[in-house]
Amino acid sequence: MTTVSPTPQPAMRLRELVFGAACAAAVRAAAQLRVADALGERPTTAEELAAAVKAEPRPLDRLLRTLSCYGIFEETDDGKYVHTEMSRLLREDSPNSLRYISLWCTEPWTWAAWPKLDDAVRTGRNVFDDLYGKGFFQYLHEDASDSAEVFNRAMTTSSKQSAQDIAQLLDLTGASSVADIGGGQGHVLAGLLEKHPGLEGTLLDLPTVVAHPDPRLADGGPLASRVRIVPGDCREDIPVRADVYIIKNILEWDDESTRRTLHNVVKAARPGARVVIIENLVDDSPSMKFTTAMDLLLLLNVGGAKHTKASLVSRMAEAGLKVGEILAVNPYLHAFECTVPE
């Protein structure tokens, strides 16, 4: 049975850390092979799993043994494998599935970008343009359609999961309208409209994004009559009036984009309007290893950055927003309650 040993000495811990790519690659391989989907509720041999996922038994056994060291699957005393809480998250049918997130964070381009982190730290610039001769999103859509699809699925999964937490957290009593700015397919907006039957909503995002909204918001959907879908770029203009504006995870690409987006919200909103900004933080968070890793990945691919609490408050104050309460949405998201001054 593979078990996690007591905390290793610093020298061994550092050795384990520099082999971190092996762990990430093992998670990716399991997600690609759909091992978690193949493993049911009974202890199963590597040979049985290999037949199910069309792999060689001995290498698969080695892969599962490695993952078991990290609590992803567990090896029984008689050499079979069973699920753990983490391995279940690699199942595509899990309500909290992280399969596409796991694939996204280990896409082929990431393996080329990470070794250039020292260059990004020296220059403060992304390394993606030099590696691929074009910007990150242009590359995804022109040269890596499979990776773009993984990205879309990962963002959809993440948005759906956080939407439940946001709907549970935010009290919109008294508001008659809410706008989800840069809201993707509108999962957060749909959750808020379901919770508040008297609320009207607006979804604003790029035309290619809002062309495929959450089915609840689309024509014929149960919420369609209460929603206006506006194609647009929040960095250019926000032609939307609402009582409450939601801005989630779009203030991380670069400082200029952040400033323009916040300026446009303040310009569009009526005095006294409520603005709720939801972001990952790289300080004061129980998920620091996760958020700081995302911060470095943003530096590599688009030259962006996750915020500290102070940097985000500074940007909001700069834009003219009055910052109020800061609430924890879940272990990796914070909501900043702001108002547009009277």
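Which residues in α4 meet which residues in α5? In this predicted model, the side of α4 is represented by Ala-46, Glu-47, Leu-49, Ala-50 and Val-53, and these meet Pro-57, Leu-60, Asp-61 and Leu-64 in α5.

Two packed helices are described by the angle between their axes and the distance between the axes. For helix α4, which covers residues 46-53, and helix α5, which covers residues 57-68, the packing angle is about 110° and the axes lie 9 Å apart. Angles of 65 to 115 degrees count as roughly perpendicular, and α4 and α5 are therefore described as roughly perpendicular to each other. Sorted by class, the contact of α4 with α5 contains 7 nonpolar residues and 2 charged residues, with no polar residue taking part.

The loop between α4 and α5 is the place of Lys-54, a residue that has a positive phi of about 60° although it is not a glycine. Most residues other than glycine have a negative phi, and most peptide bonds are trans. Lys-54 counts as exposed because its relative accessibility is 74%, and the cut-off for that class is over 50%.

Helix α5 also holds Pro-59, which counts as partly exposed at 44% relative accessibility. Between Pro-59 and Gly-20 there are 39 residues of separation in sequence, and their C-alpha atoms are 19 Å apart in space.

## A second residue with positive phi

Where is Arg-34 placed? Arg-34 belongs to the loop between α2 (20-33) and α3 (35-38), and it has a positive phi of about 60° although it is not a glycine. With a relative accessibility of 36%, Arg-34 counts as partly exposed.

Is Glu-107 buried or exposed? Glu-107, which lies in the loop between α7 (99-104) and α8 (108-113), counts as buried because its relative accessibility is 5%, and buried means under 20%. When residues up to four places away in sequence are not counted, Glu-107 touches Arg-28, Ser-147 and Val-150.

Gly-133, by contrast, is exposed, with a relative accessible area of 63%, and its place is the loop between α10 (128-132) and α11 (136-143). Along the chain Gly-133 and Leu-17 are 116 residues apart, and a distance of 31 Å separates their C-alpha atoms.

Leaving aside neighbours within four places in sequence, the contacts of Thr-308 are with Leu-281, Val-282 and Asp-283. The C-alpha atom of Thr-308 is separated by 8.1 Å from that of Asp-284, a residue 24 places away along the chain.

Asp-255 is found in helix α15, which covers residues 255-268, and at 36% relative accessibility this residue counts as partly exposed. Asp-255 and Ser-162 are 93 residues apart along the chain, with their C-alpha atoms separated by 24 Å.

The C-alpha separations named above are set side by side here.

| Residue pair | Separation along the chain | C-alpha separation |
|---|---|---|
| Gly-133 and Leu-17 | 116 residues | 31 Å |
| Asp-255 and Ser-162 | 93 residues | 24 Å |
| Pro-59 and Gly-20 | 39 residues | 19 Å |
| Thr-308 and Asp-284 | 24 residues | 8.1 Å |

## The second largest pocket

Rolling a probe the size of a water molecule over the atoms shows where empty space is left. The second largest pocket has a volume of about 180 Å³. Which helix supplies the largest share of the lining of this second largest pocket? That share, 6 residues, comes from helix α12, which covers residues 145-169. The residues lining the second largest pocket are Glu-92, Ser-94, Pro-95, Ser-97, Tyr-100, Arg-153, Thr-156, Thr-157, Lys-160, Gln-161 and Gln-164. By class, the lining of the second largest pocket divides into 6 polar, 3 charged and 2 nonpolar residues.

Technical notes
Residues are numbered from 1 along each chain as its sequence is written. This is a predicted model: local features need pLDDT of at least 70, side-chain atom pairs count only at pLDDT 80 or more; totals for chains, interfaces and linings use all residues. Side-chain values use heavy atoms; hydrogens and water are left out. On a 1 Å grid over the protein atoms alone, a cavity is a set of points where a 1.4 Å probe fits but cannot get out, and a pocket is an open set with protein on both sides within 12 Å along at least five of seven lines; lining residues have an atom within 4 Å of a point. Grid points are joined across faces, edges and corners, and a volume is the space filled by probe spheres set on the points. Helices (H or I, at least four residues) and strands (E, at least two) are DSSP runs, numbered from the N terminus. Ala, Val, Leu, Ile, Met, Phe, Trp, Tyr, Cys and Pro count as nonpolar, Asp, Glu, Lys and Arg as charged, and the others, Gly among them, as polar. Axes are lines fitted to C-alpha atoms, for helices over the stretch in contact, and angles run from 0 to 180 degrees between N-to-C directions. Angles under 35 degrees count as roughly parallel, over 145 as roughly antiparallel, 65 to 115 as roughly perpendicular and the rest as oblique. Contact means heavy atoms within 4.5 Å. Buried means under 20% relative accessible area, exposed over 50%, partly exposed in between (1.4 Å probe, protein chains only).
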